[in-house]
Amino acid sequence: MTEVSITARPGDEGDRSSQPARGRRRSIAEVVQAMGQQRVGALLLLIATVAAIVWANAASGSYASFWDTHLAIGVGDLHLDFTLHAVVNDALMAIFFFTVGLEVRREFAIGELTSWSRAMVPVVAAIAGLAVPAVLFVLIAGPSGQAHAWGAVISTDTAFLIGALALVGPRVPGRLRVFLLALAVVDDIGALSIIALVYTDQFDPWPLLVAAAGLAGIFFTRYLRMGRGLVYATLSIVVWLAFLASGVHPTLAGVAIALLVPVYRPNRRDVEHALELARTFRQSPNSEYARAAANSLRESISINERLQSAYAPYVAYVILPLFALANAGVVVSPEILAAALVSPLTWGVVVALVVGKFVGVFGSALALRLGRLGDFGPGLTLDRIAGGAALSGIGFTISLFIIDLAIDDEAAQNEARVGVLAASVIAFVFATIIFRISDAVHPMEDTGEVLVRPVDPRRDHVYGTMDARYEIVEYGDFQCPFCSKASGVIQQVRDRLGDDVRYVWRHAPLTQQHPNALAGAEASEAAALQGKFWEFERGLFADQDNQLPSDIVRLAARLDLDVSRFERDLESAEVASHVRDDMLDAEAMNVTSVPTFFINGKRLHGPYDTRSLIRALTADDAAPVAGPADTTEG
């Protein structure tokens with residue numbers, strides 16, 4: 001077997017080139033790169049929070065006066081006057097909410113929220129996670145006179161959530177991470193709706209007509225052949241200014257714009273065109289061909305995904321840390337801490353975030369599991385959901401944001417902010433304890449010894465009958481030469497045992513080592529929609545060196561598939577989600593090499609030649625079947 005990683009992240013076994021030479025200490029840049037954007041972003045957010053608290057307590061006057069510095073922009077009678085605090089909260093945070101909107105748009109178009117059975121669990125959990133904290137806050141904080149600030153406890157901080165999951169989460173977080181991302185998307189929709197409906201003052205509808213015209217222009221900009229970037233930028237500024245003038249918080253302009261940005265899976269013809277231009281540049285390198293190839297490669301990816309990639313570092317490394325620096329400056333004098341300790345507002349925030357989020361998210365998930373509703377998927381166990389529910393109590397960014405909108409009294413703001421900071425720390429520690437207990441109960445060496453998802457003929461590719469005595473489930477990769485050889489072994493096993501054995505294929509493409517493996521897996525699913533999975537599988541194994549998009553389409557044509565439908569299915573969320581589900585199953589079972597076999601539901605360790613497979617299949621029989629001579633060694 002080839003020992004390479006499915007996820008192939010830098011530092012994994014299968015990615016030797018990314019590791020430093022033996023004996024050489026890694027540079028700071030290499031350490032930061034290995035941490036990943038999410039961990040670094042969460043770390044910077046934490047550092048900025050601590051810096052804001054230290055600054056506010058060491059020199060509270062300078063902290064307040066600095067963020068109250070006024071900036072004036074304009075000509076003549078047309079000018080805008082902002083404080084630095086407003087620049088961060090109204091302008092920079094609009095970019096943050098823009099990236100949130102992009103993610104919402106993508107999830108509903110081609111992501112986890114396209115299928116209701118899959119989306120039900122995070123959607124219901126998110127709604128309960130919005131409602132329960134709000135109710136608890138109103139009940140506890142009512143005597144403070146600030147019950148109207150309940151919006152401050154409804155939302156989870158996505159950046160801290162994912163960063164904390166990367167720091168203290170389970171060793172194999174695949175499905176939990178997908179669940180929490182989908183939950184965060186719905187959570188963000190709820191928070192943004194509350195900001196728009198509840199915390200908008202001095203509403204003037206007329207500027208929204210200008211905003212509507214600008215948003216219409218943004219929608220139709222996708223049809224321009226050139227200069228789209230400049231048009232998008234200009235219209236986005238117009239929309240933002242119109243929201244500002246209307247009284248609706250201008251950050252919501254970012255969401256409205258993002259929901260109109262196109263998102264789609266790469267089109268095969270666009271990819272082929274980009275590859276052709278790249279080959280042309282390689283044969284005749286010059287600036288014209290280089291520019292054409294670069295533009296074509298860029299255009300083959302949807303604007304939504306390009307913008308997410310472009311803005312993500314600025315949001316993680318600049319905007320969110322600046323927001324924390326501008327808003328987390330809580331004065332923690334003995335008097336304020338003493339007031340917060342007995343303040344129903346502070347305790348309302350703490351209990352709502354820590355207890356309310358946990359009860360809402362975990363309680364609803366438990367109810368769905370007991371009622372057998374929704375698709376949880378292997379690896380998304382209740383103990384992991386409990387850890388994720390605890391992490392959901394980190395309500396940092398939007399909590400501080402709504403506190404600034406909803407509460408006018410400075411002393412009350414400080415009490416609420418103390419509650420947010422305390423709740424975030426408690427939630428982080430609570431989640432860490434849950435995850436450590438979960439890892440101790442389910443040690444890594446026991447993970448994946450048993451097939452976590454039983455074979456289902458309605459979604460799995462089964463060769464043979466479901467009433468067969470024996471079962472072989474293979475996790476494989478169409479570009480892996482060992483998987484190709486294993487396919488011959490499987491045929492020999494079936495020749496020997498006949499209808500007594502059924503064979504099941506599941507996808508585990510090694511995307512880092514085999515660049516076309518994922519495309520091949522998705523193509524086989526598109527072929528399966530026309531009833532020709534096994535024929536397509538044999539075609540891919542027969543020509544592993546030629547699996548570019550054009551090769552895949554030619555194979556479809558050779559198998560008499562409806563090529564137009566095949567190409568449409570290649571871009572569908574259904575095809576992508578089937579492959580992704582198999583990959584998440586593989587990750588949940590710690591499958592790090594291919595082929596990996598499960599024989600009668602148990603993982604096979606050792607060789608997978610014909611005799612070994614038959615011996616494993618018949619191990620529980622009273623009289624084991626003697627296999628033929630070995631023909632292929634693993």
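Two strands pair if DSSP finds at least two bridges between them. The legends below describe close-up views of a predicted model.

Figure 1. Strands of a sheet pair through backbone hydrogen bonds, either parallel or antiparallel.

**Figure 2. Strand 6 (residues 596-599) is covered on both faces**. Thr596 and Phe598 are buried on one side, and Phe597 and Ile599 are buried on the other. In a regular strand the side chains alternate between the two faces of the sheet. Strand 4 (residues 470-476) runs antiparallel to strand 6, and four bridges join the two. Among the residues of this pairing, Val473 has Phe598 in strand 6 as its bridge partner.

**Figure 3. Strand 6 and strand 7 form a hairpin**. Two residues lie between the strands, and Asn600 in the turn has a positive phi of about 50°. The two strands run antiparallel and are joined by two bridges. Phe598 stands opposite Arg603 in strand 7.

**Figure 4. Helix 16 (residues 382-391) packs against helix 18 (residues 410-441)**. The angle between the two helices is about 165°, and their axes are 7 Å apart. Angles over 145 degrees count as roughly antiparallel, and helix 16 and helix 18 are therefore roughly antiparallel to each other. Their crossing is left-handed. The residues of helix 16 that meet helix 18 include Asp383, Arg384, Gly387 and Leu391, while those of helix 18 include Ala427, Phe428, Ile434 and Ser438. Nine of the contact residues are nonpolar, three are polar and two are charged.

**Figure 5. Helix 17 (residues 396-406) is largely enclosed by the rest of the structure**. Why is helix 17 described as largely enclosed? The reason is that nine of its 11 residues are buried. These buried residues are Phe396, Thr397, Ile398, Ser399, Leu400, Phe401, Ile402, Ile403 and Ala406.

Definitions and conventions. Residues are numbered from 1 along each chain as its sequence is written. This is a predicted model: local features need pLDDT of at least 70, side-chain atom pairs count only at pLDDT 80 or more; totals for chains, interfaces and linings use all residues. Side-chain values use heavy atoms; hydrogens and water are left out. Buried means under 20% relative accessible area, exposed over 50%, partly exposed in between (1.4 Å probe, protein chains only). Axes are lines fitted to C-alpha atoms, for helices over the stretch in contact, and angles run from 0 to 180 degrees between N-to-C directions. Angles under 35 degrees count as roughly parallel, over 145 as roughly antiparallel, 65 to 115 as roughly perpendicular and the rest as oblique. A crossing is left-handed if the near helix is turned anticlockwise from the far one by less than a right angle, and right-handed if clockwise. Contact means heavy atoms within 4.5 Å. Ala, Val, Leu, Ile, Met, Phe, Trp, Tyr, Cys and Pro count as nonpolar, Asp, Glu, Lys and Arg as charged, and the others, Gly among them, as polar.
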